[in-house]
Amino acid sequence: MHLTDTQAEIKELARNFAAAEIAPHAAQWDREECFPIDVARRMGELGFLGMLIPEEYDGLGLDTTSYLVALEEIAAADASAAVLMSVHNSLPTQMLLHFGSEAQKEQYLKPMARGELIGAFSLSEPDAGSDASALRCQAVRDGGDWLLTGTKSWVTSGSLADVIMVMARTDTPDARRGSRGISAFIVTPDLSGFHVGKKEEKMGLRASPTVQLTFDGMRVPDANLLGEEGQGFVYAMRSLDNGRLGIAAQALGIARAALDASLGYAEERKQFGKPIREFEAIQFKLADMGARIAAARALLHATAASKDRGESTTLYGSMSKLLASEAAMWVTTQAVQIFGGYGYIKDYPVEKLFRDAKVTEIYEGTSEIQRIVIARELYNSYHSI
Ligand code: COS
């Protein structure tokens with residue numbers, strides 16, 4: 001894959017940082033279900049939390065490919081670190097950049113781009129996952145403020161975030177407006193009525209805190225309404241188009257780490273008197289693993305380039321996320337098989353990679369939702385990249 005000099009430098013920076021400060025600790029963070037906030041701060045210092053934000057808002061103003069290659073490197077070391085970086089860069093900061101007022105950009109976007117404030121995104125609810133526009137969290141005007149009541153779920157980094165982009169209904173029960181009755185609010189944990197609820201105990205991505213948030217008449221100033229009332233769902237969908245590129249890069253990082261581990265193991269492990277890489281059964285697996293990763297990455301990078309040309313990423317972003325996440329699940333499954341019994345225990349890395357891969361087929365839109373989006377787009381706006 002050809003990278004420009006800048007993209008190659010960013011990749012090297014991310015790889016060195018991940019090797020020194022993430023990879024040595026990833027198994028322990030996974031075991032202890034904790035992610036040290038200092039690591040997020042370090043990511044901020046290096047610019048990894050402001051990669052797509054223009055320099056005028058204190059970001060690095062890089063192209064999308066630079067961001068995705070850095071994300072892949074971080075994910076190859078630890079998918080939990082990568083999801084914090086992906087959500088922060090793709091969702092709340094992009095929503096502020098594209099739909100926020102200058103005052104909101106000054107107050108929130110700039111410190112987020114510098115990595116001083118961590119961002120989260122909150123759309124899903126216990127009964128509104130794939131059917132996101134069925135969400136029920138309600139915002140009601142009260143003087144110059146809004147009062148938010150409801151429960152949000154599956155909030156990545158929700159317990160450590162400083163700024164959370166929350167989608168809530170602003171229509172009324174007697175005049176429901178579907179997806180047009182949803183608005184986006186900038187929420188900070190200091191608001192009265194904000195509560196962090198249950199922390200999920202997950203199969204993978206165990207270091208990344210995934211929590212419920214409860215709002216109990218939480219008072220949100222009107223100045224924290226993002227953009228126009230009633231546009232929150234569209235803003236969220238547009239941001240998820242880009243978020244899905246980040247999850248694709250995360251999936252590729254997981255898959256590549258599994259391939260690298262498998263190549264090494266197949267060389268060292270001897271059975272029947274020779275390294276197992278000499279058996280065709282293993283060679284075919286390794287070949288297919290490499291081919292699936294390369295194909296998914298090629299589509300992702302082509303999509304990133306088309307995004308930077310100003311084209312819509314709805315179709316190819318969903319395709320990229322679908323192919324990369326399914327590649328990650330398939331590749332990590334083969335990796336466990338190549339390692340055999342050793343793949344099933346925690347002494348080797350592929351057990352964690354297998355667990356971490358699964359969620360990439362679920363969050364920021366399941367594989368089934370990606371297929372729905374792709375099928376719709378093929379009819380609506382097919383164009384070649
Ligand atoms: N970009 C811009 N606008 C979009 C959009 C996109 N990618 N997708 C939808 N919209 C707009 C539509 O154009 C429509 O606007 P109008 O009211 O002007 O027509 C509005 O949003 C509603 O869209 P639609 O009718 O397609 O909404 P649906 O309820 O049918 O939902 C899906 C569409 C299923 C694609 C959506 O709910 C979805 O992506 N679900 C998965 C949610 C998800 O990824 N959750 C994970 C959160 S992170 S853990």
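**Entry 1: ground rules.** I am working with a predicted model, where local features need pLDDT of at least 70, side-chain atom pairs count only at pLDDT 80 or more, and totals for chains, interfaces and linings use all residues. Residues are numbered from 1 along each chain as its sequence is written, and side-chain values use heavy atoms, with hydrogens and water left out.

**Entry 2: the strands.** I looked up E2 and E3 to begin with. Helices (H or I, at least four residues) and strands (E, at least two) are DSSP runs, numbered from the N terminus. Two strands pair if DSSP finds at least two bridges between them. Strand E2 (residues 138–142) pairs with E3 in the antiparallel sense, over five bridges. Arg 141 stands opposite Trp 146 in E3. The hairpin of E2 and E3 has two residues between the strands, and there Gly 143 takes a positive phi near 60 degrees.

Next I followed E3 (residues 145–156) to E7 (residues 210–221): they pair in the antiparallel sense over nine bridges. Here I found Lys 152 opposite Leu 213 in E7. E7 is also joined to strand E6 (residues 194–199), by four bridges, and these two run antiparallel. Phe 194 has Phe 215 in E7 as its bridge partner.

Entry 3: Where does the ligand sit? I found it in the largest pocket. A pocket, on a 1 Å grid over the protein atoms alone, is an open set of points where a 1.4 Å probe fits, with protein on both sides within 12 Å along at least five of seven lines. To sit there, a molecule needs more than half of its atoms within 2 Å of the grid points.

I counted 20 residues around the ligand (a heavy atom within 4 Å); Ser 130, Arg 180, Arg 244, Gly 365 and Arg 376 are the closest. Helix H8 (232–268) and helix H12 (367–380) each supply at least two residues of this shell, and H8 gives the largest share, seven residues.

**Entry 4: close atoms.** A polar backbone atom of Ser 130 is 2.9 Å from a nitrogen atom of the ligand. For Asp 241, a polar side-chain atom lies 3.0 Å from a ligand nitrogen atom. A backbone N or O atom of Gly 365 lies 3.0 Å from an oxygen atom of the ligand.

How values were computed
A polar contact is a pair of N or O atoms within 3.5 Å; within protein, one must be able to donate a hydrogen and the other to accept it, and residues adjacent in sequence count only if both atoms are side-chain atoms. On a 1 Å grid over the protein atoms alone, a cavity is a set of points where a 1.4 Å probe fits but cannot get out, and a pocket is an open set with protein on both sides within 12 Å along at least five of seven lines; lining residues have an atom within 4 Å of a point.
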